[in-house]
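I opened the model today and kept notes in the order in which I looked things up. The entries follow.

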Amino acid sequence: MPERIRTIVADDHYLVREGTRRLLETSGEVLVVGAVGNADELVDAARRLGPDVVITDIRMPGGEWRQGFEGIDAAHRVHADHPGVGVVVLSQFSDALFAFELFKHGTEGFAYLLKDRVGDLDELLGAIRAVASGGSVIDPKVVEGLLARRDVRGEQEALTPRERDVLREMAHGRSNGAIARALHLSVSSVEKNVNSIFAKLGLENSGDVHRRVAAVLAYLGPERGAAPGV
């Protein structure tokens, strides 16, 4: 039997925290080694318990953290102190500001999901697996909203519907093969769409998963420029 992913859950709402813990443990893939209620406790638990992944709410009370960014700041501290630990930030906010705050130092080992993903066990487990192996994920709802905003602004040549689908899958940190399976396309078709996306956005094509997610962020961001932390 494969070893379960050691995980800490941080949320200041007891019912959410315990509900998430119980849901994850029913999967058989995750062992929740700690459940805490604020950012200070998260940093301490990560130091003591040696998790593979931490899952944190974006806003939690207490400490000297930036108000409204406590979970993100604690996530950065945990990742800095324990580089091999993956981080999944759960947020009720689809505003890109919070995603950029999470990814500003780099994308490797970080995921940003909206809180309603907690009810979708497969989606949450996928993010946990991704960050545990150093991958990156950004919630497709965040991508969808920002894509629509960019289309309205008309700053770039419009992506085709298929390219938009591929871009959303890229935001999950998925490889070309995984995208092909998700969209029922051939790998060669996905490669053509990926190349077209990069060409339209003026971004260098790269096989690196983290740079692909960072490229999505660079396109969706409020200003053109280099992808954050890459």
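Entry 1. I took buried to mean under 20% relative accessible area, exposed over 50%, and partly exposed in between, with a 1.4 Å probe and protein chains only. By that scale S94 is partly exposed, at a relative accessible area of 45%.

I noted the ground rules. This is a predicted model, so local features need pLDDT of at least 70 and side-chain atom pairs count only at pLDDT 80 or more, while totals for chains, interfaces and linings use all residues. Residues are numbered from 1 along each chain as its sequence is written, and side-chain values use heavy atoms, with hydrogens and water left out.

Entry 2. I located S94 in the loop between β4 (86–91) and α4 (96–103); helices (H or I, at least four residues) and strands (E, at least two) are DSSP runs numbered from the N terminus. What does S94 contact, leaving aside neighbours within four places in sequence? I found L114 and V142, with contact meaning heavy atoms within 4.5 Å. The C-alpha atoms of S94 and K141 are 7.3 Å apart, although 47 residues separate the two along the chain.

Entry 3. I traced the sheet. It is open, with six strands in the order β2-β1-β3-β4-β5-β6 and parallel pairing; two strands pair if DSSP finds at least two bridges between them. β2 (30–36) and β6 (137–138) are at the edges with a single partner strand each, so one side of each lacks a neighbour in the sheet. β1 and β2 pair over six bridges in the parallel sense. Within β2, V32 is the residue opposite T7.

I then checked a helix on the sheet. α1 (residues 14–26) touches β1, β2 and β3 (53–57), and its direction makes about 170° with that of β2; axes are lines fitted to C-alpha atoms, for helices over the stretch in contact, and angles run from 0 to 180 degrees between N-to-C directions.

Entry 4. Of its 31 residues, L42, V89 and Y112 touch the most other members. α2 gives the most to this core, with five residues. A second, separate core has 19 residues, including L24, V53, L124 and A130.

Entry 5. I checked pLDDT, the predictor's confidence in each residue from 0 to 100. The protein averages 81, and 79% of the residues score at least 70. Residues 152–156 stay under 50. Where pLDDT is low, the predicted coordinates should not be read in detail.

Methods. Core = buried A, V, L, I, M, F, W, Y, C linked by side-chain atoms within 4.5 Å.
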